Amino acid sequence: MSDDNQKKLIHWADFTADRIIRQRGDKEEYTVASGITPSGVVHFGNFREVITVDFVARALRDRGKKVRFIFSWDDYDTFRKVPLNLPKQEELKEYLFRPIVDTPDPYEEAESYAAHHEQSFESQLESVGVEVQPIYQAKKYRAGDYKSQIKKALEMKGDIAAILNEYRSTPYGDEYFPISVYCEKYQTDETEIIDWDGNNTITYKHKVHDYTGTIDLETTDKVKLPWRVDWPMRWVYENVDFEPGGKDHSSQGGSYTTAKEIVKLYGGEAPVYLQYDFVSIKGAGGKMSSSKGNLITVRDVLKVYEPEMVRWIFASYKSNVDFAVSFDLDVLKIYEDFDRQERLAFGVETGNEKKVNMAKRVYELSQIGDAPKECPFQPSFRHLCNVLQINDGNIDQAKNYYAKDLKNERDERRFNERSNCALHWLENYAPEEFKFKINSEATDTQCGEKQTEFLAKFSEFISNDWDTITTDKELHEKMYEIIHAVEVEPNDVFPVMYDRLISKEKGPKLAGFIRTIGKERVLKLFK
């Protein structure tokens, strides 16, 4: 399904890749960047930035370019708030205003609070085919890698203040310093700078405790640049060619507005930029927040959607469009849409050229590893939910129903992933009317004379002529034939049949449902 570059110039990731090459020059290797502060659980909303960069990285590689995808963990940031969804709340409060990297893991699994969230998110990225080169900022700062950049910021403090003051209601005066200091005695950054000698000595005082200290920029590891200076400094330090930003960073006077000016003071230029919009979860309510703890993670979404589908959902939207990922009944439609796009991409279904080309490109960007050579097996999610429930949630038993369709390892993986997603969705999100359990014994449903006659004739047909029926349509027509022969209304017999099968008044379409349940079980329940 490969296309030449011209044809590929239909997706926003490809337009962005071409813009990078045009604006940054034709280089052998490009650096694309993303980053997050591990202040709490990294939620699904944060994932949009990372997948945006991943799509652009892939588009550059498709143009024969080498790409370095760096991911900055801002773990030298301050631990400002204890998220509500974490254990050991009181213990964590003792570490407020210290570096996140020095805060202990409340789960006692990783070497620090930061490492816990970093390792968790990195493993989630791996499961959706995103490969990054992580950079841990605490290590960089503590190794003294940014010593000269910090000194330069101090030398340019007036120029930096002037840029920031353009967008501040209360302007900075001479008291402004573009650094923060973690106190050597009390470990927190509740400090203010009293003096800088113009060279290496910084004098600061702790705002909570009566303590004044001095540090030497050459030897200290307690100094950090604030975000608005740190971000543009790293653009130059890492030679970043592309980095997107969210709506909050992109607004007038936001951190991107000031960063693209401050970067010039460091002798660089802002990387190619792309604004992305927010993602929400339908039914979860509001913007996700690490501090509030109302979080859905990539791992949670992977319990409802296959990994390629998670990528496909993002690739299907322009980066500057906000959208919601559904956990409700819309899940059925999203699976149908994905399957249709997959068929278009493989030419199994036809569509206009523009639609087909976009389907192919979005599908390519959705793949983890090598794309399949032919259209994979597509068990309808809606029908799979029924088959699994008919088999009491047993995936191996349900697999027998699809045995003739599973041709290779890829089909097996699709079936297993989709089955696990279906079971999780049924258990956690499906509406009650969608759920059912096949009765193990016949129920004593009260039936009138006509209803009893219908059930007897229909059971007789199933008993004698089951093998003559090859499609749901044929069985549907046969049901109506018997309904007319008995002179009974469909509304009088269908609820009885559902009641016998699943003790409900309605359920999945009857003909297909009966065929899936199988002759023996249906006869047992109807007789």
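The radius of gyration of the protein in this predicted model, taken over C-alpha atoms, is 30 Å, whereas a compact globule of 527 residues would have a value near 24 Å; the globule rule is 2.2 Å times the number of residues to the power 0.38. Along the principal axes, the C-alpha atoms fill a box of roughly 100 × 55 × 40 Å. Local features need pLDDT of at least 70 and side-chain atom pairs count only at pLDDT 80 or more, while totals for chains, interfaces and linings use all residues. Residues are numbered from 1 along each chain as its sequence is written, and side-chain values use heavy atoms, with hydrogens and water left out.

The protein contains 23 helices and 12 strands, where helices (H or I, at least four residues) and strands (E, at least two) are DSSP runs numbered from the N terminus. Of the contacts (heavy atoms within 4.5 Å) between residues at least 6 apart in sequence, 70% join residues at least 24 apart. Buried residues account for 51% of the 527 residues; buried means under 20% relative accessible area, exposed over 50%, and partly exposed in between, with a 1.4 Å probe and protein chains only. The accessible surface comes to about 24,900 Å², and carbon and sulfur atoms contribute 45% of this area. Accessible areas come from the Shrake-Rupley method with a 1.4 Å probe, and for residues only the protein chains shown count as cover.

The mean positions of the 74 positive and 91 negative charges lie 3 Å apart. Lys and Arg count as positive and Asp and Glu as negative, with His and the chain ends not counted; each charge is placed at NZ of Lys, CZ of Arg, CG of Asp or CD of Glu. The structure holds 43 salt bridges, each defined as a side-chain nitrogen of Lys or Arg within 4 Å of a carboxyl oxygen of Asp or Glu.

One of these salt bridges joins D14 and R361, with an N to O distance of 2.8 Å. The pair links distant parts of the chain, as D14 lies in helix α2 (residues 12-24) and R361 in helix α15 (residues 353-366), 347 residues apart. Both residues are buried. D14 and R361 also belong to a network of salt bridges that includes D18, D62, R63 and E364.

D54 and R58 are both buried.

In the salt bridge between E218 and K147, the closest N and O atoms are 3.5 Å apart. This pair also links distant parts of the chain: E218 is in the loop between β7 (211-216) and β8 (223-224), and K147 is in helix α7 (residues 147-155), 71 residues apart. E218 is partly exposed at 45% relative accessibility, and K147 is partly exposed at 33%.

E218 is also among the contacts of N200, which include K151, I215, D216 and L217 when neighbours within four places in sequence are left aside. N200 is found in the loop between β5 (191-196) and β6 (201-206) and is buried, with a relative accessible area of 15%. The C-alpha atoms of N200 and I215, 15 residues apart along the chain, are separated by 8.0 Å.

S419 lies in helix α18 (residues 409-428). With a relative accessibility of 0%, S419 counts as buried. Residues up to four places away in sequence not counted, S419 touches L384, L388 and I395.
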